[in-house]
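Grab a pencil and work through these exercises with the structure open beside you. Try each task before you read its solution.

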Amino acid sequence: MHRLRTAIVRLRPLTATQTAQSLSQHRLLAEEPGFRTFRPVRYLSSSVAAEPFLNGTSSNYVEEMYYAWLEDPRNVHKSWDVFFRNANAGAPPGLAYQSPPPLNGTTGRASVQMVQPNVEKLVKDHLAVQSLIRAYQVRGHHIAKLDPLQISCVDFDDAPCAVGFQKVGYYGLSESDMDKMFRLPTTTFIGGNNSVLPLREIIHRLEMAYCQHIGVEFMFINDVDQCQWIRQKFETPGIMQFSLEEKRTLLARMIRSTRFEEFLQRKWSSEKRFGLEGCESLIPALKTIIDVSSQRGVENVIMGMPHRGRLNVLANVIRKELEQIFCQFDSKLEAADEGSGDVKYHLGMYHRRMNRVSDRQITMSLMANPSHLEAVDPVVQGKTKAEQFYCGDTEGKRVMSILLHGDAAFAGQGIVYETFHLSDLPSYTTHGTIHVVVNNQIGFTTDPRMARSSAYPTDVARVVNAPIFHVNADDPEAVVYVCKVAAEWRNTFHKDVVVDLVCYRRNGHNEMDEPMFTQPLMYKKIKKQKGVLKKFAEKLIAEGIITPQDYEEEVAHYDKICEDAYTRSKDEKILHIKHWLDSPWPDFFTLEGQPKHMTCPSTGIKEEDLLHIGKVAASVPEQDFTVHGGLSRILKGRANMVSQRVCDWALGEYMAFGSLLKEGIHVRLSGQDVERGTFSHRHHVLHDQNVDKRICIPMNHISSDQAPYTVCNSSLSEYGVLGFELGFAMASPNALVLWEAQFGDFHNTAQCIIDQFISSGQAKWVRQNGIVLLLPHGMEGMGPEHSSARSERFLQMCNDDPDVFPKLTKDFEVRQLYDCNWIVVNCSTPANYFHVLRRQILQPFRKPLIIFTPKSLLRHPEARSSFDDMLPGSQFLRLIPDDGPAAARPEQVKRVIFCCGKVYYELIRERKNRGMDDTVAVIRIEQLSPFPFDLVKVETDRYVNADLLWCQEEHKNQGYYDYIRPRIRTTTNRTRPVWYAGRDSAAAPATGNKQTHQMELQRFLDTAFDLEAFSGKL
Ligand SMILES: Cc1ncc(C[n+]2csc(CCOP(=O)(O)OP(=O)(O)O)c2C)c(N)n1
Ligand SMILES: [Mg+2]
């Protein structure tokens, strides 16, 4: 079907001569004493003809001697050793042979006689056979019969594929060599118990191992043991055997898979379901992976998958009750949960049950996911990592992940690559993921030749040395075998592995689509293609394993199960999305799934705890540990602050993390360069200046019974890492999981995670998540990048109504938090940052928290907080009122400036300079969303004679203005206008010119304090 390009030079096998040459050159360059040199071809060739003792009948004997010598020189008589050494060293004709040393120790030389010159060919042919074997191992998959439709013509750049009976000439072998015996190298297992085989048999066995329905791609793996392991699994004669029982089970699974889709098709022929037809063997594939993993000790499997076959996986792999699936097709059912829900093929699932093969309990979850293909990959990995972390599974022996992919998405989506690159990083590894690709050779309407530049859709996996097992999905036995090997691989080496199910899509992209519009020939072929279940059943009947009647009975049995469930599904009156939760938190909520209370305890902590944590933050709690001089000064500065009972930003964060850890809450901070902090303010990991890789994390020295602290520099990825942390946060509500962007604007490369999961996840999947995003933000003359965390985007996605003034109940503050889709804050003080982090855990539910964090404020002398603001009784301030002369005589105030973040400090400096402290009040809205209507109302009511203004340093079409303005208007019942002082509307977030930056700042400060600026402008 398609013709693809690949770097053929890389793949072409070496011929015997090339091998010999490269080997001899290599040895010439790197000859080590004590090692045998290997130059047999060229040097033996010229000399053997002249050796006196060689003749035609001795060649077999010579060959034996030669191989024995190659193995170990001590295997042969000294005289042979000397001969081979001399020959290898290039002794002139007739001089390689030396008589055995006489007893008196002198050497003698025999006379030259005629010999048969066949040793050269012998060695050459053996090398040729070795090359041939290697070529099969490297390239056998090129000619394997992988495509059930037989239309794929991946031609690997038109290069001759030098494997196959007809290709032996390529190696200098010929038909006449076919029945000669060849010794097999140790890098093959095709011999079974034989160490020599005729060439014909060697090729036959290689064809059986590498060129049937399984194509194994693994020779790029750098680890010799791993390559040997794979060779053994696929080359050993007769290794792919199934018992009668296994074959029957496989048939039963194929029946379930096939009949499930047929049942849905019969009942709801016009509903989209993204059926599995054409890849029905996916179900036995997954079940095999789970069975084998469970036998190997895995107790918890976390899965992520796209649309294709999802309902089938839910029904037949996870074992969701069929009636729960069927009732999703009933459009009249009423939704019982809050939130807007999602379509049936996106919902998640969690189920614990007995695995019948292993006889052990196993928990399986399928993560809910958006339509955005592959976006769930890092989320699954994060959740898997968290589950491993919480159960102390440091090697991935008990918890593992399985990711399913479509061929087009696997090749096309960059997140796949980002996720692969997390796979071997200490703080992100899940110790091996099994990837299964439903490679139906089409993406919606696009052919592979238009969809990717690589030969296979799976080439991306090669970057992490993952073996790739391509398999013809029309051969269920081959499928089950590779899945068994994949599961064993993962549970042996704890590395990723890919199963590429080469199949087809029997219908259109969904059941409504007409595929003949775009792939007419492919679909003509598909129409003629016999279904895989039918083919497999016929095979088993022909083998006498089942009778036609057995088959019919098994089919009828499953059809009845479906029919019964269908009848029961009609009794369902209400749709509970709650039943589709992939990560329940059983102890966190009441039995009805509600928060246990609707209050938030004080987030302050005791003075002694502040002092203790402060001391730890200022210390190096390891013996003989040399820290950098500059860092010593920073630690000293912290100690000074502690003695003065104040915190800067970094210390405020320390207090929040440290106190939560002390209370048993795990804290995990991840992102680019977070250990030190992009702005060199955090320093949570100290590095010994004299000992390589010796580090110290003082935060883990707070108390003996504290929860562990994880701080980890991530790979340079936002999409992957944010997705990962979101998944980590999903596993447990009792952890503070934070992702920090290097600069806030970089979050947009993870936009899909933000839009699809963080902002809307709870509404779609009734699943709460307490992830925290730290987004450095601020206009500091640094240019259009590195300035804006795009607060406008986050605020635009908040679900609160700008036009409705809410009912101010007693629990308004906490209720508002409960109802929102996420919390957006911009704190102006370290104490408030401290409180909001602690509130995130102490509140009785979980919501994502977006924090715009400062840059220059990190070191601003005024941006400090007293311990007093962090003591018991203190709390997060959603709004910070003016507490100066303006507040003392509010009726005299002419203007109220509302603002947030760093601009506050610029405003109060300007106000002071202008002597307007009593006429202008400056009020900080620290919690932007949900909007503190109650507190804003108090302020607007207090300053009755003032006009109201929103001041921001961002451009008018950006920042907070569009969010804030209607809400303040609603608060005042639209009786008072809300004026604007800030930068003009613009396309870019900030100017690249420092002077312009300053000018803009001054201009909007002038407006903010010009009390006449808006007069007459109503
Ligand atoms: C990120 C993203 N882009 C585009 C789409 C629209 N889309 C849905 S399915 C599909 C084709 C997927 O092809 P493939 O990965 O081969 O899966 P298949 O449907 O063939 O099983 C596309 C483009 C999407 N869902 N997600
Ligand atoms: Mg596809």
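**Exercise 1. Find which residues coordinate the magnesium ion (ligand 2), and say whether Asn-440 and Ile-442 are buried or exposed.**

Keep in mind that you're looking at a predicted model.

Step 1: Look around the ion. Asp-407 (OD), Asn-440 (OD1) and Ile-442 (O) coordinate the magnesium ion (ligand 2), at 2.0 Å.

Step 2: Now follow the chain. The donors are spaced as D-x32-N-x1-I.

Step 3: Check the accessibility. A residue is called buried when its relative accessible area is under 20%. Asn-440 has 5%, so it counts as buried. Ile-442 has 3%, so it's buried too.

**Exercise 2. Work out the strand order of the open sheet of seven strands, and name its edge strands.**

Step 1: Read across the sheet. The order is 17-14-18-19-21-20-26, and the pairing is mixed.

Step 2: Go to the ends. Strand 17 (709–713) and strand 26 are the edge strands, as each pairs on one side only.

Step 3: Zoom in on one pair. Strand 18 (residues 735–740) runs parallel to strand 19 (residues 772–776), with three bridges between them. Glu-740 has Leu-774 in strand 19 as its bridge partner.

**Exercise 3. List the buried residues of helix 28 and say what they pack against.**

Step 1: Walk along residues 812–819. The buried ones in helix 28 are Phe-812, Val-814, Gln-816, Leu-817 and Tyr-818.

Step 2: Look for their neighbours. These buried residues pack against strand 20 (823–825), helix 29 (830–842), strand 26 (927–929) and helix 32 (933–942).

**Exercise 4. Describe the protein chain as a whole: how many helices and strands does it have, and what share of its residues is buried?**

Step 1: Count the elements. There are 34 helices and 28 strands in the protein chain.

Step 2: Look at burial. Of its 1018 residues, 59% count as buried.

Step 3: Think about contacts. Among contacts with a separation of 6 or more, 81% are between residues 24 or more positions apart.

Step 4: Finish with the surface. The chain's accessible surface is about 41,400 Å², and 51% of that belongs to carbon and sulfur atoms.

Definitions and conventions. Residues are numbered from 1 along each chain as its sequence is written. Chains are lettered from A and ligands numbered from 1 in the order in which they are written. This is a predicted model: local features need pLDDT of at least 70, side-chain atom pairs count only at pLDDT 80 or more; totals for chains, interfaces and linings use all residues. Side-chain values use heavy atoms; hydrogens and water are left out. Buried means under 20% relative accessible area, exposed over 50%, partly exposed in between (1.4 Å probe, protein chains only). Helices (H or I, at least four residues) and strands (E, at least two) are DSSP runs, numbered from the N terminus. Contact means heavy atoms within 4.5 Å. Donors are N, O and S atoms within 2.8 Å of the metal (3.2 Å for Na, K and Ca); water is not among the atoms, so sites may look incomplete. Two strands pair if DSSP finds at least two bridges between them. Accessible areas come from the Shrake-Rupley method with a 1.4 Å probe; for residues, only the protein chains shown count as cover.
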